[in-house]
Each structure stands twice: as C-alpha cells, then as structure tokens.
Amino acid sequence: MSYEYLDHTADVKFRAVGSTVSEMYISAADALLDTMRGDIKILEQKEISIEVEGKDHEILLHNFLEEFLFLLDAKDFLVAKIKDLSISENKIKFVVVGDSADNYKFTNDVKAITFNEMKIGEDGGKYYAEVILDV
Amino acid sequence: MIPNIFKGKLVLFLMDKNDLVKIEEGVYELPMKGEMRVPGRIFITEDMLESIDERTLKQVSNVAKLPGIQKYSYGMSDIHCGYGFPIGGVAAFDLETGVISPGGVGYDINCSVRLLRTNLVKEDLKGRENEIMDALFDAVPTGTGRVGKLKINFEELDSVLINGAKFMVERGYGTNSDLEFTEDNGCLIGGDPKDVSRRAKERGMPQLGSLGAGNHFLDILVVSEIFDKKTAEVYGLLENMVVVLIHCGSRGLGHQVASDYIKLMDEKYGHPEFDRELVHAPIGSLLGQKYLSAMRCAANFAFANKQLITHNVREAMKKFFPEFKMDVVADICHNIAKIEKHMGRELLIMRKGATRSFGPKRKEIPSKYRGVGYPILIPGSMGTSSYVLAGTNRAEEISFGSTAHGAGREKSRTEARANVTYESAVKNMKDLGVYVKSRSHKGIIEEAPSSYKDVSEVVRVSDSLGIGKKVVRLDPLIVVIG
C-alpha cells in the first residue's frame with residue numbers, strides 16, 4: 001500500500017497503488033488523509049461504518065474520497081485508519097476509526113476531490129489511481 | 001524578452017500546441033482546431049508565455065468546445081492550470097443554445113475578495129502589530145473544516161442561502177452600506193435552498209464566519225501609492241490609510257454543491273471525452289436551472305460568511321481603537337456564473353478565477369461609482385503588494401466585462417516545500433515589515449511569494465489593455481492566512 005505525489009502547479013496530485021483494488025483504495029485514502037491532516041497522530045477513539053456507491057470506477061473513487069471531507073466538515077471527525085474495507089462492482093463498505101478533529105491542531109487545505117486527469121487502471125499486476133485534489 | 005533557458009522549451013511547446021498567434025501587445029490567440037467552436041484569447045505578455053503550460057492551453061481549447069460559447073474562450077493575465085476551465089478562464093454562453101458547467105465556476109463557488117477602508121493610518125498600528133494580529137487570528141477561525149463562531153439551525157441556513165449578506169446585516173452583523181457596495185448587494189437572487197443537498201448543508205452549517213485554508217486570507221494593508229486620485233477619492237481611499245482585505249469563499253457547502261452537480265449532470269447527460277470536469281447541462285434545462293439555483297445559494301453563503309467575518313474584525317479592532325470605523329469599498333466575486341447584458345444581449349458569463357470589470361454607467365454598480373466604474377481588487381501573494389483597479393467600458397467590448405483576479409500560482413506546493421523553509425519565509429516577511437500568522441507552518445511555506453506570478457505584471461497587462469485601470473497600490477502590514 002503506497003502512494004506518491006506527482007507534480008501539479010496549483011493543486012495536489014497523487015498516484016496511489018495497491019496489489020488489490022481494496023489496497024489501492026486504502027492507499028488513495030492515505031494520500032488524501034496525509035494531505036488533509038499532515039503526519040499528526042490521531043487517536044483511535046470512535047468508529048463509524050460507511051457505505052458508498054458509484055455508477056462507475058471514477059465516481060465510486062470520488063464518492064469514497066469525498067466521504068473523508070464530509071466527515072471532517074460535517075461531523076468534525078478526523079480519520080486515523082480504515083478497516084474492514086470490502087468492494088463490489090459499484091459499492092464500497094468500510095469502517096473509519098478516529099477522533100474528534102477539535103482535539104488536534106492541523107490545517108486541512110483540501111477543498112474538493114476533482115475528476116480532472118483522474119486515471120484508474122492496472123499496470124504490471126498492480127492497481128493504480130491518479131487523483132487531483134483541489135486545495 | 002524570453003530568457004535563454006526557456007527558448008528551447010518554448011519552441012517545442014509552441015510547435016506542439018499549434019502556435020499561439022500574437023494579435024497585438026498583450027493579446028494571443030489560440031486558433032480554432034478540431035472540435036473548438038471559437039478560438040482562444042489569452043491576455044499575456046511575451047514574458048509571461050514561459051509560465052503558461054500545455055495543460056492550461058488544453059483547458060482553454062476544451063472550453064472552446066462547449067455548445068453555445070460566444071466569441072472566444074478567454075484566459076486572463078493570471079491564467080494557470082485548473083480543472084475544467086483554467087483558473088483565469090472566462091466564457092460567455094448564449095441563453096438558448098448554451099450550456100452551464102460547474103467546471104466553469106469551480107469548487108469554491110463565489111470565492112471572493114472584500115476591501116474595507118478604515119479610519120486609521122499606518123502609524124496608529126505601530127508597535128501593536130503582534131497584538132492586533134493575534135486578536136484577528138482569534139476572531140476569525142482559519143483552516144478548512146474549522147468551525148465558525150455562529151451556530152445556526154437548518155431553517156436559518158436556508159435563509160442564509162436565500163438572502164446572503166442581508167441575513168447577517170438584519171441580525172446586527174453589519175450595515176446597509178456594507179450591502180450597497182458589495183457585488184449584487186451581497187445576494188444573488190434566485191437561489192432555492194431545496195436545490196442544495198442535505199450533505200452540502202451539513203458541511204457548511206458549522207463553518208459560517210470562518211476563513212478556510214489554502215490561499216484564503218485576512219490582511220491589513222496600507223494605501224501606499226495612488227495612480228488615479230479622482231477615482232481613489234470616489235472609492236474613499238487616501239494615501240497612508242489602513243485598509244482590510246478579506247479573501248474567502250463558500251467553504252464546504254460550495255464545494256459539495258459543485259461536486260453534487262458534476263455527478264448529477266454526468267448521470268443525466270454523460271460527460272465530454274476530453275474532460276469529465278467539463279460536464280454540462282443546457283442552461284434552460286431543469287438540471288441547468290437547478291445548478292444555477294444551488295450555485296446562487298452557495299454564493300449567498302459566501303457573501304454571508306464574509307459579512308460575519310467583517311463584523312468579527314470590527315469587534316476585534318474596537319478593542320484596540322474604541323472609535324474604529326470600517327466601511328466596504330468593494331466586494332467582488334472570483335468564481336461565479338451570472339446572467340449579464342453585453343452589447344444589448346443577455347448572456348451567461350462564467351468566470352473562474354476572474355473578476356467582473358464593469359465600467360462607468362453600468363446599472364448594476366452602486367450610484368456612487370457610476371462615474372468611474374466598480375472597483376476591481378487584485379490581491380498579491382503573501383507579503384507583496386495588492387492593487388485596486390477600476391472597471392472599464394473597454395472590458396465590456398473585449399472580454400465580456402472581465403479581468404484578472406490575482407497573482408496566479410506559478411510553482412507547485414511541492415516545489416515550494418522543497419525550496420522554502422518556514423524560517424526563511426517568516427524572515428522574508430519580517431524584512432519586508434510584514435507580520436504573518438497561520439495555523440500551520442505549511443501554509444506560510446506554500447504561500448511564499450516566490451511561488452506566484454508577479455502581481456504587478458498581471459496588473460500592468462490589465463491596465464495597458466484597458467480592461468482595468470490602476471487606481472491604488474496597497475502594501476501589507478499584517479497577514480493572517482488559512
């Protein structure tokens with residue numbers, strides 16, 4: 001599970017990879033969360049179960065990532081880790097573990113997940129996703 | 001002139017991009033090619049060419065492919081790569097045959113700037129800069145996802161979405177004069193909260209009165225140079241006067257509205273092969289109208305947000321200066337779609353990272369400004385000068401009443417992090433006599449002026465083309481960034 005940042009002038013672009021689609025999703029979430037909260041340690045205080053749908057791969061990934069922005073803005077919830085992620089054709093279920101964002105000092109720059117230059121695919125037996133975050 | 005190191009690259013890119021054609025000084029054309037319905041027009045100088053990358057030009061040409069586009073796909077002098085439209089992108093659409101795209105407005109709907117003049121002069125702040133900066137920092141929460149100071153319920157939020165800044169003024173958080181000098185009086189008519197999802201409302205509700213992050217800021221500046229005395233007087237700006245500049249938008253609510261409608265339009269109409277962000281709907285369609293309504297609601301949220309911040313700044317400053325007074329000079333949208341009349345015809349104008357430039361006599365502008373044009377506010381990057389320009393009738397002729405909106409990012413955040421340290425950024429600011437505060441070191445590093453285009457050059461292009469005439473220069477004293 002891993003990701004790297006790619007060059008982009010105005011925004012943040014990352015490429016997340018994984019041996020399975022689920023791993024790739026978790027890598028993408030890591031890339032987003034690291035951008036949102038930096039490398040601060042978040043305590044594992046609460047769990048929330050989440051289910052997200054999307055009519056195609058790109059929309060599913062978009063909706064999945066957007067959930068983390070929603071959790072922070074609307075629920076003041078900052079994610080420490082993701083567990084029990086399962087993915088089917090157009091649905092993804094997972095559990096987020098984390099803490100109230102109010103307990104931490106950090107700056108989240110991410111306004112939105114974009115579809116711009118979004119790429120999802122398979123390369124050399126690994127799954128990858130490229131995403132630009134509007135910051 | 002183009003520095004030698006760029007020459008090789010430029011030739012390659014020009015050949016690659018099928019040459020930008022120089023029309024006149026400061027105006028380049030991207031000729032029609034493929035599915036483009038109109039050519040592109042970019043307002044830049046030869047020196048600025050080097051900073052325009054291929055992705056940006058591709059975005060100009062993509063916008064030119066949208067149905068109903070009129071005359072040109074425009075790029076203002078601060079143009080850089082965005083998503084869907086470039087930042088600094090402007091396009092006009094016929095109301096019958098045209099389309100509306102959330103990608104033409106952006107995620108931060110009504111990201112906008114408000115300028116306020118005060119009854120202080122620079123010397124009044126001397127020796128108290130740190131205290132004042134801390135007080136402002138406490139009065140105005142920063143950082144995306146950070147909560148504001150006003151708690152409201154869903155019913156009140158709906159009223160914010162309908163009424164914009166007026167909601168705040170009616171509750172005592174501002175004056176009628178604040179509304180009078182704000183673009184569209186701080187309220188876009190025709191927003192129906194039913195068109196805004198529950199999710200968007202949940203994201204925005206806790207955030208009223210907060211600044212956000214990234215390039216959003218609250219600055220205290222001084223009027224340091226006057227170019228046009230008559231117009232400056234009409235705007236109430238005098239040399240050495242302390243002014244306040246606030247840059248923020250519609251927070252999570254606006255971001256979610258954009259995201260929701262990108263998906264809804266995709267569902268109903270599919271998306272263009274060339275860019276999913278340029279998904280669109282006919283202006284007259286139900287979905288097109290619903291997006292316009294939701295976008296207006298988000299714009300009104302942004303107006304209300306900035307109004308509340310204004311109030312909180314007034315209260316914070318009164319603790320230092322009991323007689324403190326602060327009046328709105330102008331408040332101008334950066335990311336917006338509006339129906340406007342140009343050359344006798346109603347059109348939908350989308351401005352993404354661009355501002356309105358309305359000259360004398362336009363009925364939309366306050367009567368006090370009708371002899372000189374509505375102000376255009378061009379903030380510089382952190383620690384550099386900002387400018388006030390006046391809108392012109394010329395802009396209505398050549399750019400559907402539009403001009404640049406800021407310095408425009410030139411280097412990526414990654415590059416900034418690699419080349420700038422927190423200590424060096426703060427020292428640079430200190431050397432310039434600027435006090436700066438942010439929630440994080442990261443914000444200060446990424447917003448370092450070396451990552452931005454030179455705002456003076458951006459302003460010079462607007463001024464020499466006549467799409468915004470220089471009125472005053474503002475130099476920063478205190479900077480609070482998200």
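A salt bridge here is a side-chain nitrogen of Lys or Arg within 4 Å of a carboxyl oxygen of Asp or Glu. Nine salt bridges are counted between chain A and chain B.

The model is predicted: local features need pLDDT of at least 70, side-chain atom pairs count only at pLDDT 80 or more, and totals for chains, interfaces and linings use all residues. Residues are numbered from 1 along each chain as its sequence is written, chains are lettered from A and ligands numbered from 1 in the order written, and side-chain values use heavy atoms, without hydrogens or water.

**Interface between chains A and B**

- Contact (heavy atoms within 4.5 Å) links 41 residues of chain A with 44 residues of chain B.
- The two chains bury about 3,600 Å² between them, 43% of it on carbon and sulfur atoms. Buried area is the accessible area (1.4 Å probe) that two parts lose on being put together, summed over both.
- Thr9(A), Asp73(A) and Lys111(A) supply 20% of the area that chain A buries against chain B, more than any other three residues.
- Between the chains, 19 residue pairs are in polar contact, both at pLDDT 80 or more. A polar contact is a pair of N or O atoms within 3.5 Å; within protein, one must be able to donate a hydrogen and the other to accept it, and residues adjacent in sequence count only if both atoms are side-chain atoms.
- On the side of chain A that touches chain B, strand S2 (12-18), helix H2 (57-75) and strand S6 (112-113) of chain A each give two or more residues. H2(A) gives the most, with twelve residues. Helices (H or I, at least four residues) and strands (E, at least two) are DSSP runs, numbered from the N terminus.

**Strands around S19 of chain B**

- Strands pair if DSSP finds at least two bridges between them.
- Strand S8 (residues 217-226) and strand S19 (residues 469-481) of chain B are antiparallel, over nine bridges. Glu225(B) has Arg473(B) as its bridge partner in S19(B).
- Strand S16 (residues 386-390) of chain B runs antiparallel to S19(B), with five bridges. Leu389(B) is partnered there by Lys470(B).
- Strand S18 (residues 435-438) of chain B is parallel to S19(B), over four bridges. Lys437(B) has Val480(B) as its bridge partner.

**Seven-strand sheet of chain B**

- This open sheet has the order S1-S2-S3-S4-S5-S13-S12, with mixed pairing.
- Strand S1 (21-24) and strand S12 (335-342) of chain B each have a single partner strand, so one side of each is left without a neighbour in the sheet.
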